[in-house]
Amino acid sequence: MAKVSVSLKIFPSDVDVNRDALKMKIEKSLPEYASVYKFEEEPIAFGLVALIAHILMPEDKAGAIDEVESSLRKIGEISNFQTLMVRRV
């Protein structure tokens, strides 16, 4: 069975947000079928650093991306996020 890789750029709500703690919250908030493959950090401006989360999920799970996005919206330290790429792996 193939998997889908989703890359999301996640913007913290403040410069002072602990990125390591935020990474752990993201991993714990994901549905059980989704997992973080890796995180990258991208400096934005004035000390703000966005996280690029590469998330793997099963290809045949309907509505999986919507569920992942919904779980991220519940994290208070995230101000916004955008989908950079979705591909089959």
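Arg73 is exposed, with a relative accessible area of 57%, where exposed means over 50%, buried under 20% and partly exposed in between (1.4 Å probe, protein chains only). The model is predicted, so local features need pLDDT of at least 70 and side-chain atom pairs count only at pLDDT 80 or more, while totals for chains, interfaces and linings use all residues. Residues are numbered from 1 along each chain as its sequence is written, and side-chain values use heavy atoms, with hydrogens and water left out. Across the whole structure, a search finds 7 salt bridges, each defined as a side-chain nitrogen of Lys or Arg within 4 Å of a carboxyl oxygen of Asp or Glu.

**Helix 2**
- Arg73 forms a salt bridge with Glu69, at 3.9 Å from N to O.
- The two residues are 4 apart in helix 2 (residues 64-73), and therefore about one helical turn separates Arg73 from Glu69; helices are DSSP runs of H or I with at least four residues, strands are runs of E with at least two, and both are numbered from the N terminus.
- Glu69 is buried, at 15% relative accessibility.

**Strands 1 and 2**
- The closest N and O atoms of Glu42 and Lys9 are 2.8 Å apart in a salt bridge.
- Glu42 lies in strand 2 (residues 35-45) and Lys9 in strand 1 (residues 3-12), so this pair ties together parts 33 residues apart in sequence.
- Glu42 is partly exposed at 29% relative accessibility, whereas Lys9 is buried at 14%.

**Lys38 and Glu40**
- A salt bridge links Lys38 to Glu40, with the closest N and O atoms 3.9 Å apart.
- Lys38 is partly exposed, at 40%, and Glu40 is partly exposed, at 36%.
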